[in-house]
Amino acid sequence: MFFNFVDELRAAGIPASFKEHLVLLEALDKDVIEQTPEAFYYLSRATFVKDEGLLDRFDQVFNKVFKGLLTSYGQNPVDIPEDWLKAVAEKFLTPEEMAEIEKLGSWEEIMETLKKRLEEQEKRHQGGNKWIGTGGTSPYGNSGYNPEGVRIGGESKHKRALKVWEKREFQNLDNTRELGTRNIKIALRRLRRFAREGHLDELDIEGTIDGTARQGWLDIRMRAERRNAVKVLLFLDVGGSMDPFIKLVEELFSAASAEFKNLEFFYFHNCLYEGVWKDNKRRWSERTQTWDILHKYGHDYKVIFVGDAAMSPYEITHPGGSVEHFNEESGQVWMQRLAHVYPATVWINPVPEKQWSYSQSTKIIKELVGGNMYPLTLQGLDDAMRELTRKKH
Amino acid sequence: MARFEGTANYVATDDLKVAVNAAVLLRRPLLVKGEPGTGKTVLAHEIAKATGAPLIEWNVKSTTKAQQGLYEYDAVARLRDGQLGDERVHDIANYIKKGKLWEAFTSPQLPVLLIDEIDKADIEFPNDLLQELDRMSFDVYETRERIAAKERPIVVITSNNEKELPDAFLRRCFFHYIKFPDRDTMQAIIDVHFPGIQKTLVSKAMDVFYEVREVPGLKKKPSTSELLDWLKLLLNEDMPLDVLQNKDPAKAIPPLHGALLKNEQDVMLFERLAFMARRQN
């Protein structure tokens, strides 16, 4: 049962396994749900999807697999009053068009078709009622009428009364793309610094033996436990010459967000100036002051820049050099400030290392981050992480 | 066992009901995620109430170990007792402290076990609990006994998405994402909490509430629980209706905003917006 469904889910990148399939069958067997399409949708969603970022994808697959199967299932077609149909037809067809229809076939025949189409609308959904009520936004559209038959918006997906899974309410959650990030993940693990921080909750055996020997009585020593205490600020270059690398950068980012507890990311364009932003769509309305960042995050944060560092040298060295706005202080000043606050700073450059020497700005940036520029390769990441780990704040 | 249909003071959406019933009937853990304040933890309380089961809460912190949920062997106390020549030292069982899972497995009445904020703990934490949650049994090595659940308890796990959970763990759970309630659901929630509340007040308050949520750059968006607190305050203060209706931009900050905005930067943001609105006029 539903093998096709599971296959489609897997094809869409939802990690549906045999185990989950069995759970779904077991749940159906035990009559967990009432036999309605909605309940089945909810149940299969709770079974297969374990990450809200995948909910939207699930909705799409569900729609694809069960389209047409569920509409005729368990629901009574709507009875549409004859006079209403007539009214609708009159509203949307000009008298000339009506005459033409009548020429082509009997009025009854056309009404029959129209009725059938309308019955395809889902009865239970409220949208169906609205659809009738708000005649102003015509579901028929311009092509609502066609001499070869009455075609109604029912064919087109977005004009139909939407089912739950067709609303795609979780669309905006799907920002986690983690494809092919395994390699990067391995390298980023280097960043986990097993600093001993936190409560003293582990018995320090060596210390205890030592203390006991010295004191002459049992002297128990405790120590803090190992855990991942790496804090990271990530600055991503977006737009402009960076666009070919966006995909690579996104992969790096999605890998990084899973690795650290304390991870903050910001976007910038070409060079760091007085403001950065968190949401690229709102880059002008929602800026974060770079000063705020310098003040807010402590010296122990490790800073990773990701960008191609390819720009006009003036964008770094001169006030007002930015291509997007007038910057009162040069990018250089800001880079120096940042490097001063965060000794552990690296720049990861997606451009192949061979090409760096051709661009003057790359050289300047490399100097500004203390020579710590690395290519976006496994080896380069490895080196970058080692550099960050090496530096004690 | 009766189906979960929400309770007198908890509004459950259809998808939530299906997920809960699946988890309860199949006795698999239910993993609940969602924005803070959408009622993840409360859900476990309500399931317990609805099924008449006792609730065992395990609040996970960053230092929590999986082993602590099973049992802890207090070696330090035993060492100390050994030094003092205490009689108890001969029985190792005296130094075994039961964890929440143990409690849940041996509870005389079928319990609901809540593992709250599982993502707070170390990344390996969920993996360490795989076997125990799967088989509902574990071994106590010190005393060589096996603790097994007579009946699988109902397990509710909440997560705030601070860390990714391992696939092997996820595969064993049902999942539900509580999305932020839309207006209708919110209305139902308010009706449950404040029966007989003035309709116009609620509608005005919701207008303000959803407006506040829409403000870009807010550090912490107010959630359901905050709206409820705020309403309670408004009722207590007998706030006249026109204060909420007040569209005077100089007063862009809603009355008693302390209940909605929990971050001084957010309050400042609002003040700035108010200031800008004033300047525009």
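B:Lys33 stands opposite B:Ser159, a residue of strand β8(B). Strands here, like helices, are DSSP runs numbered from the N terminus, with at least two residues (E) for a strand and at least four (H or I) for a helix. The model is a predicted one, in which local features need pLDDT of at least 70 and side-chain atom pairs count only at pLDDT 80 or more, while totals for chains, interfaces and linings use all residues. Residues are numbered from 1 along each chain as its sequence is written, and chains are lettered from A and ligands numbered from 1 in the order in which they are written.

In chain B, β1 (residues 30–34) and β8 (residues 154–159) pair in the parallel sense over four bridges; two strands pair if DSSP finds at least two bridges between them. An open sheet of five strands, with parallel pairing, runs in the order β2-β5-β8-β1-β9 of chain B. Its edges are β2 (55–59) and β9 (174–178) of chain B, each of which pairs on one side only. On average, neighbouring strands of the sheet are turned by 20 degrees against each other, direction ignored.

Across β1, β8 and β9 of chain B lies helix α1(B), running at about 155 degrees to β9(B). Such angles run from 0 to 180 degrees between N-to-C directions, and the axes are lines fitted to C-alpha atoms, for helices over the stretch in contact. Helix α1 of chain B spans residues 14–26 and includes B:Leu16. B:Leu16 is buried because 23 other C-beta atoms lie within 10 Å; the cut-off for buried is 20 or more such atoms, against 12 or fewer for exposed and values in between for partly exposed, with C-beta atoms placed from the backbone. Residues up to four places away in sequence aside, B:Leu16 touches B:His176 and B:Ile178, contact being defined as C-beta atoms, placed from the backbone, within 7 Å. B:Phe4 is twelve residues from B:Leu16 in sequence, and their C-alpha atoms are 9.4 Å apart.

Between the chains, 33 residues of chain A are in contact with 29 residues of chain B. On chain A, α2 (18–29), α3 (37–48) and β1 (196–203) each supply at least two residues of the side that touches chain B, and α3(A) gives the largest share, six residues.

How values were computed. Contact = placed C-beta atoms within 7 Å.
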